[in-house]
Amino acid sequence: MSVKHENDFRLFVKNAKQVVLVCNGGERFLTKDGMQKLPVVENGSLIIGNDGLLKAVGPVDAIDARYKGASFDTVIDASGMVVIPGLIDVHTHPVWAGDRVHEFAMKLAGATYMEVHQAGGGIHFTVEHTRRASEEQLLVDLTRRLTRMLRTGTTLVECKSGYGLDLETEMKMLAVIERARLASPICISSTYCGAHAVPRGKTPAEAVEDIVHIQLPRLQEKMTKGELQVDNIDVFCEKGVFDLHSTRTILQAGKDMGLQLNFHGDELHPMNSAQLGAQLGALAISHLEEVTDEGIAAMAKSKTAAVLLPTTAYILRLPQPRARDMLDAGVIVALGSDFNPNAYCCSMPMVMHLACVNMRLSMDQALAAATINAAYALGRSHSHGSLEAGKEANLLIVDCPRWEHLIYQFGGHQELIKYVIIKGEVVYENKNTMSY
Ligand SMILES: [Zn+2]
């Protein structure tokens, strides 16, 4: 083993045409004016230490002068390219068996939600397949999906359980996420989502009982033993699924265990989920297609992030959430892909594009929502989400002359992303980029 000296560094990324910092004052999130024009270093370089943290970011000349004589394990010449923070996906359901491509065809042919359901489709189709699948098979599939996410520029991703709806399968799913967390380079924030739906054969009250008195205590036990590391708890707060009272009961039980609250709310019906989340100190609420003005005001005040999911609104043809009203009110807006068998997209560049076109975010706002604000929504903005000294060196080197190309070239991210770097290690290199 070689001894590392003070003047040895893991990585030197030099001569980038642009380095998009996103933040440069240690901000934990950005709202309003802070999202209008993100700070960019034109002609910049970055130094990454052996601990995987960013040591310095700045203009080429300043970095050259300061690190004269230093040695580096790896040097990347980013001439003509741009550097941005690794993207963060705050909302995914990536552990499942049995795709639903047949359902997509049915829906395109005009089938209603109920017709799909009666044909044996919907979430219960996924639940049945996931219950039957082995832990090994689920892990193989999850690993492939995480690799795809990584190649589209995601370096930190939230992963939910929630296709088990019973003790055994929920714990199996969390075990799969835990194994992936330990084995994959991508950073994972793990979420218990046992309240994703009411399982067949149970009433909502019975499901709440099972979650609060059986599943959560078992989860607590596994966390105490160090078998699982789970960060968040999620509930699908929706009419006919878990009402406001049930949602409160489950979230409170999770909060008492030290889990961060990050749940589905106000998607299909206005449920006052936003107000509930604000009251309970939720870190984030996802969806919000049907949020009210009062809900928006409550979230702005409590600093509860709104996780908007443009691909779901697009694929399900839902009304768009009122992103502009949220931004004007000072809500912390973040983005997620909602990757799941019903909305098969894991590309955050495409999510950002859809957020710009359909939800009317500017490109700066979309990037802030997919980096620093997304990190905040997972409780990680002290270490993730911007290119500032002291943070984890998770970054993308993109083969284009201005960073906005990554959003502008819809579906073109696979041609543009040259390197994905996590903690200063190159975890993906694309030798065939084609910027024009
Ligand atoms: Zn979801």
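**A friendly note on spaces and domains**

1. Let's begin inside the protein, with the residues around its largest cavity. They are Pro-85, Gly-86, Ile-88, Thr-155, Leu-156, Ser-383, His-384, Gly-385, Ser-386, Glu-392 and Asn-394. Please keep in mind as you read that this is a predicted model. Sorted by class, the lining of this largest cavity has three nonpolar, seven polar and one charged residues. Its volume is about 60 Å³.

2. Which domains supply the lining of that largest cavity? Domain 1 (8-85 + 387-429) and domain 2 (87-377) each give at least three residues to the lining. The protein chain is divided into these two domains, domain 1 and domain 2. Taken over C-alpha atoms, the domain centres are separated by 29 Å. Across the boundary, 33 residues of domain 1 are in contact with 35 residues of domain 2.

3. How many cavities of 30 Å³ or more does a search of the whole structure find? The search finds two. The idea behind such a search is simple: rolling a probe the size of a water molecule over the atoms shows where empty space is left.

4. Next comes the second largest cavity, with a volume of about 30 Å³. You can pick out its lining in the structure: Leu-165, Gly-194, Ala-197, Pro-199, Ala-207, Asp-210, Ile-211, Gln-215 and Phe-242. Helix α7 (residues 204-224) gives the largest share of this lining, four residues. By class, the second largest cavity is lined by six nonpolar, two polar and one charged residues.

5. The largest pocket holds about 1100 Å³ of space. It is lined by 37 residues, and the closest to its centre are Arg-100, Tyr-113, Glu-267, Leu-316 and Asn-342. At least two lining residues come from each of α2, α3 (113-118), α4 (123-132) and α11 (310-315). Helix α2 provides the largest share, four residues. In terms of class, the lining of the largest pocket has 16 nonpolar, 13 polar and eight charged residues.

6. The second largest pocket contains about 320 Å³ of space. Of its 17 lining residues, Phe-104, Ile-315, Asn-342, Ala-343 and Tyr-344 lie nearest its centre. Two or more lining residues come from each of α2, α11 and α13 (348-359). Which element gives the largest share of the lining of the second largest pocket? That is α2, with four residues. The class count for this second largest pocket is 11 nonpolar, two polar and four charged residues.

7. Is His-93 buried or exposed? His-93 counts as buried because its relative accessibility is 2%, and the cut-off for buried is under 20%. Leaving aside residues up to four places away in sequence, His-93 touches Lys-160, Tyr-163, His-196, His-264, Asp-338, Phe-339, Asn-340 and Pro-341. With one of these, His-264, there is also a polar contact: the side chains of His-93 and His-264 meet at 3.4 Å.

Conventions. Residues are numbered from 1 along each chain as its sequence is written. This is a predicted model: local features need pLDDT of at least 70, side-chain atom pairs count only at pLDDT 80 or more; totals for chains, interfaces and linings use all residues. Side-chain values use heavy atoms; hydrogens and water are left out. Buried means under 20% relative accessible area, exposed over 50%, partly exposed in between (1.4 Å probe, protein chains only). A polar contact is a pair of N or O atoms within 3.5 Å; within protein, one must be able to donate a hydrogen and the other to accept it, and residues adjacent in sequence count only if both atoms are side-chain atoms. Contact means heavy atoms within 4.5 Å. On a 1 Å grid over the protein atoms alone, a cavity is a set of points where a 1.4 Å probe fits but cannot get out, and a pocket is an open set with protein on both sides within 12 Å along at least five of seven lines; lining residues have an atom within 4 Å of a point. Grid points are joined across faces, edges and corners, and a volume is the space filled by probe spheres set on the points. Ala, Val, Leu, Ile, Met, Phe, Trp, Tyr, Cys and Pro count as nonpolar, Asp, Glu, Lys and Arg as charged, and the others, Gly among them, as polar. Domain bounds come from an automatic or database domain assignment.
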